[in-house]
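Open the model in your viewer and keep the selection tool at hand. The stops below say what to select and what is there.

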Amino acid sequence: MSGEPCAIIGVGQTHHKSKRLDVSLAGLLREAASRALTDAGLDWPDIDAVVLGTAPDAFEGVMMPELYLADALGAAGKPIMRVHTAGSVGGSTGIVAAHLIHARRHRRVLAVAFEKQSEGNAQWGLAGGKSGGMGAGGIFAPWIRSYIRRSGAPEHIGWQVAVKDRLNALKNPYAHLKIADISVEKVRESFMLWDPLHFLESCPSSDGACAVVLTDEAGGRDAAARGNPPAWVAATAMRSEPTSFPGRDPVRPQAGVDCAHDLYRAAGITNPLAEIDVAELYVPFSWYEPMWLEGHDITGPGDGWKLVESGETEIGGSFPVNPSGGVLSSNPIGASGMLRFAEAALQVRGRAGEHQVDGARTALGHAYGGGAQYFAMWIVRSTLG
Amino acid sequence: MPVSAETKYGPSVTTNTVEFPYRRSLGPVVGGFVAALARGQITGVRSTGVRGGGRVLCPPLEYDPDTGAATDGELVDVGPEGTVRSWTWVAAPDARHPLDRPFAFALIQLDGADTAMVHAVDAGGEDALRAGLRVTARFRAQPKGRTDDLAYFVPEGTETTDPDVVDAAAAAAGAAAAGVSTEPVQTMEFWSSLTYKEAVSPATARYARSMLAGTLLGQKCPTCAKVFVPPRDFCSIDGIRLDEGHDLALPDRGVITNFTIVTPVPYPGQKETEPFVRVSVLLDDVEALMGLQPVVDIPNEEVRVGMRVEAVWLPESERNAEEFGNRGWGSTTGAISGWRATGEPDLPVERYIDRVF
Ligand SMILES: [Zn+2]
């Protein structure tokens with residue numbers, strides 16, 4: 001990594017629910033941001049710049065929400081910018097904020113991402129207001145069928161991921177879905193939402209927000225001296241490609257391969273499976289866990305589902321994936337990517353509570369969006385350099 | 001609902017309207033403010049911020065807009081009289097304005113508040129407006145628990161002839177008689193409607209014309225030899241411009257390479273109620289893939305990879321170009337009703353299943 005080192009010294013998130021009718025949109029963001037500031041030991045005036053991320057404006061019907069939300073985020077008289085890269089936006093927002101630190105443009109940056117799905121209807125928004133919307137799952141389902149065929153994975157792999165992430169969510173006080181009696185049978189017998197995806201293999205619709213406070217090397221060392229262990233950003237990467245073109249492989253998009261290799265190279269990682277202690281991957285539909293394990297060359301082709309089947313992606317396994325419960329348990333769309341990034345930071349700070357992975361020192365935060373065409377990733381570590 | 005311009009010679013401009021009843025969560029502060037409006041009472045909130053400490057914000061916020069610090073959340077009564085600080089005259093109101101007659105949008109500082117709020121002033125004429133003008137609030141005679149229960153302001157001393165509004169005292173008396181709730185209003189529906197016009201690109205216009213005439217149209221890049229459906233006038237692989245000379249008439253038969261069965265979710269404008277199939281079709285002879293296509297006369301459970309299909313064209317008189325917008329990559333709606341099985345033997349699954357849109 002070049003430039004000023006970047007430390008994450010504050011993480012905050014809301015309690016995610018299908019309907020947070022108790023808070024305004026501004027109140028939802030402030031709930032996450034206030035927690036991040038408190039965690040960082042800072043107050044609103046200490047922040048130099050704000051970066052805001054959210055999915056399409058049609059989801060809440062607030063055009064250019066960064067204007068309405070600027071003063072709610074203490075940004076009066078400060079720089080604020082909005083990021084938008086579909087479902088990966090929460091990750092991209094964290095990366096843009098990190099770049100402001102790397103570039104020495106600002107010393108303390110607040111990054112906030114959100115979605116309040118209950119204000120509108122994401123399926124309506126994705127369908128452009130027309131009838132017959134496919135939903136995100138309708139777009140991904142054929143690609144999942146293709147993955148299953150080419151990898152030879154047995155059908156229970158998807159059910160197994162769905163169960164693992166919901167069990168992890170029981171250890172996360174902020175998670176939306178709390179299905180105490182989740183089981184493979186229950187997933188298998190849930191109705192077919194987007195063939196071959198069952199209802200319980202799909203993410204919920206959530207209201208929620210996430211925030212992180214990023215600072216420079218001096219700020220990170222100061223936090224450490226105050227007993228607040230920072231997460232150091234070792235590498236960031238973003239890539240994109242068109243939604244469709246002849247010859248595209250949407251199961252293993254080239255942008256995802258390139259993004260991952262760029263990330264590993266920047267972080268000095270040659271064997272991601274061995275060198276990364278825990279990963280928060282953007283898995284809105286169960287099959288995307290093995291698909292991204294393979295699609296980002298964490299495992300070889302056809303080996304991702306075997307890692308899942310062996311239980312190695314559970315907390316306590318050799319490569320835990322989504323100890324927080326992941327997108328399958330909480331999906332405030334615009335915030336979902338930042339939640340992955342923030343949970344990775346919590347892990348290397350040793351602050352993940354009941355879903356802490358023992359000895360996590362290197363963590364991967366990952367997000368993807370659109371038609372599996374936008375990718376954002378970062379590697380965070382418990383130590384600098 | 002898109003409404004197209006011409007269809008006979010192909011569309012040139014399409015008009016789209018999208019509408020949705022968004023539901024706003026108001027939160028504790030604005031929710032309390034809205035609840036009080038039904039009683040003819042305007043409220044503010046006291047800031048506790050360092051710089052703005054102690055001042056009363058109206059309309060009330062959960063935070064001080066200068067500092068981001070939380071306000072104390074306690075609503076305090078202000079108004080209903082106030083002073084115009086600045087204004088702009090709206091000479092020709094449209095249907096979305098708060099008044100159907102010429103009016104002013106003004107910054108009004110209510111008595112007891114330290115900040116001004118934007119609201120409408122029904123002043124009769126522009127000449128009546130000036131900075132410093134004293135105004136008083138008018139409320140909906142039949143409150144609905146919405147922000148617009150505060151209808152507009154009038155210059156102090158104005159007789160009101162509008163039967164739909166009352167002054168603060170009458171609103172308070174009416175609310176007391178009707179037993180209006182004092183609990184904060186939790187949510188408020190906000191009807192959003194957006195109409196936009198879009199010039200149809202030449203490539204889309206050629207596709208629409210061809211579809212109306214009963215021929216699928218694609219475009220072949222001379223560099224990579226890939227076929228795009230519909231024409232885009234560029235190759236996204238090589239980054240080069242293509243034109244009409246690269247258009248290619250395509251066969252309307254092919255093979256299903258992949259599919260999904262969607263369980264429809266209800267939302268405003270959703271007409272689908274039963275699970276429906278969408279397939280990817282790889283056309284014969286050319287390497288051209290069409291995504292998200294409907295099927296005709298094939299039960300959901302019989303749809304499979306490798307199935308041979310052909311397009312079912314609508315009768316020429318029933319075809320329309322309403323759905324052919326610039327972003328509808330491969331929509332056939334309005335020309336083709338779907339794809340039906342030809343009855344030929346299936347093709348091998350493994351040759352086609354990765355050809356997904
Ligand atoms: Zn080309």
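This is a predicted model: local features need pLDDT of at least 70, side-chain atom pairs count only at pLDDT 80 or more; totals for chains, interfaces and linings use all residues.

Residues are numbered from 1 along each chain as its sequence is written, chains are lettered from A and ligands numbered from 1 in the order in which they are written, and side-chain values use heavy atoms, without hydrogens and water.

**Zinc ion**

Select the zinc ion with B:Cys221, B:Cys224, B:Cys235 and B:Asp238, its protein donors, which lie 1.8 to 2.3 Å from it. Donors are N, O and S atoms within 2.8 Å of the metal (3.2 Å for Na, K and Ca); water is not among the atoms, so sites may look incomplete. Along the chain the donors follow the spacing C-x2-C-x10-C-x2-D.

The angles among the 4 donor atoms are 103 to 113°, and the site is tetrahedral (four donors with all angles between 85 and 135 degrees). B:Cys235 is buried at 1% relative accessible area, whereas B:Asp238 is partly exposed at 30%. Buried means under 20% relative accessible area, exposed over 50%, and partly exposed in between (1.4 Å probe, protein chains only).

**Helix H11 of chain A**

Next select residues 288-295 of chain A, helix H11, where 8 of 8 residues are buried. Helices (H or I, at least four residues) and strands (E, at least two) are DSSP runs, numbered from the N terminus. The buried residues pack against several elements of chain A, including helix H5 (135-151) and strand E10 (362-369). After H11(A) comes A:Asp297, with a positive phi near 55°.

**Hairpin in chain B**

Move to strands E19 (residues 276-283) and E20 of chain B, which run antiparallel and are joined by 3 bridges. Strands pair if DSSP finds at least two bridges between them. Show B:Val281, which stands opposite B:Met290 in E20(B). The hairpin has 5 residues between the strands, and B:Asp285 takes a positive phi near 70°.

**Aromatic rings**

How many aromatic pairs are there over all chains? The count is 18. Rings of Phe, Tyr and Trp (its six-membered ring) pair if their centres lie within 6.5 Å; planes under 30 degrees apart count as stacked, over 60 as edge-to-face and the rest as tilted.

Select A:Trp124 and B:Phe20, a tilted pair at 4.6 Å centre to centre with 50° between the planes. A:Trp124 lies in helix H4 of chain A and B:Phe20 in strand E2 of chain B, so this pair joins two chains.

Key
Four donors count as tetrahedral if all angles lie between 85 and 135 degrees; four count as square planar and six as octahedral if opposite donors are over 155 degrees apart and all others between 65 and 115; anything else is irregular. Contact means heavy atoms within 4.5 Å.
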